[in-house]
Amino acid sequence: MYERPNPFYEHFLGGHIDMSECRYEQYDERTTRITGPKYVPATELRAKLEGAGKLGERYVGLVGVRDPYTIANIDAVIAWARQQAAERFGTAGYELHYTVYGRDAVLGEMEPLRRSPAHELCVVVQAIAPTREMAEEVCMTGTRQMFYARLPAVKGTAGGVAFLLDEVLPASPAYRWTVNHTVRVDDPLELFPTFITEAGV
Amino acid sequence: MATRPLSDIAKTIRSKNAGVDKVTFDVIFAERAHYDLVRRSGVLSRAAVCRIFGISASRITDYVEFDPALAIKFTIMRSLTSGSPGDADTFGSQQYGPLLQIPVPID
């Protein structure tokens, strides 16, 4: 069942194993005997195809927030920084992502506690653009402008956020899954050529 | 009604990727009585899972009570594929957090 959507079915090229009627018996202290799996042939041969595509170069910024009003209005601060980036770079041709640790970074919209954020937040800013230079500039804008965001009720006037570093950091290029499909084949081995060679040992 | 948190009753509560676009959750019990108690209580039913995570029923692709392992297992579609920019849990390994404190009626 580990890392599988369903423990009863294992799909592969040529069919699947149906394990819904399996019996599991203790054979000895360290061994389980499993009987009853059924091989179910597929009507056509399909190979799994997975692939990812490069989105662009990436820089990362780190932003700390301790002001309670700013924390309560962090989405408005992020929107303000996005707007500054849009005014300078337009609204297309790059990506800006804001991940709010201390609120809902790990679960996103599935976080039941996202309405009660912690007393301090870390916002991770990711900028993705065609070149490293542009990614760095977009990231610097998307990060730095959170510092300058002005909310009406903030008491502090000398900077709305806290910077761990007064810079943004180069990261690995960004990729996204682009293919997660099956492809029909006539011969089960046609995508998997095999050959024998001398290892020379 | 007396309750105990699910984390007191289950042996293992975990989440992990199942392919590039799904996360699967395993709640595994050491004792048959605990497995039966939790599945009969409905605190981990499809509807309960939707309530806990605020998702629609169509996001759940698989839901299985797996007797041989004394496990309740369900799988949901990710909102972002694994590792996409903005996804902050590349391996799906911390999505189980909200399950730990689920109160299980023990009467």
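The model is predicted, and local features are given only where pLDDT is at least 70, side-chain atom pairs count only at pLDDT 80 or more, and totals for chains, interfaces and linings use all residues. Residues are numbered from 1 along each chain as its sequence is written, while chains are lettered from A and ligands numbered from 1 in the order in which they are written.

Chain A contains three helices and 10 strands, where helices (H or I, at least four residues) and strands (E, at least two) are DSSP runs numbered from the N terminus. Along the sequence these elements come in the order β-β-β-β-β-β-α-α-β-β-α-β-β. The C-alpha trace of chain A spans about 70 × 45 × 40 Å along its principal axes, and the chain has a radius of gyration of 26 Å, whereas a compact globule of 201 residues would have one near 17 Å; the radius is taken over C-alpha atoms, and the globule rule is 2.2 Å times the number of residues to the power 0.38.

Of the 201 residues in chain A, 22% are buried, a residue being buried if 20 or more other C-beta atoms, placed from the backbone, lie within 10 Å of its own, exposed if 12 or fewer, and partly exposed in between. A nonpolar core is a set of buried Ala, Val, Leu, Ile, Met, Phe, Trp, Tyr and Cys residues joined through C-beta atoms within 7 Å. The largest such core has 26 residues, and among those touching the most other members are Val123(A), Ala135(A) and Met146(A). At least two residues of this core come from each of strand 6 (45-65), helix 2 (74-89), strand 7 (95-101), strand 8 (121-129) and helix 3 (132-148) of chain A, with strand 8 giving the most, six residues. Apart from this core lies another of 21 residues, including Phe25(B) and Tyr35(B).

Two residues other than glycine have a positive phi, as the table shows.
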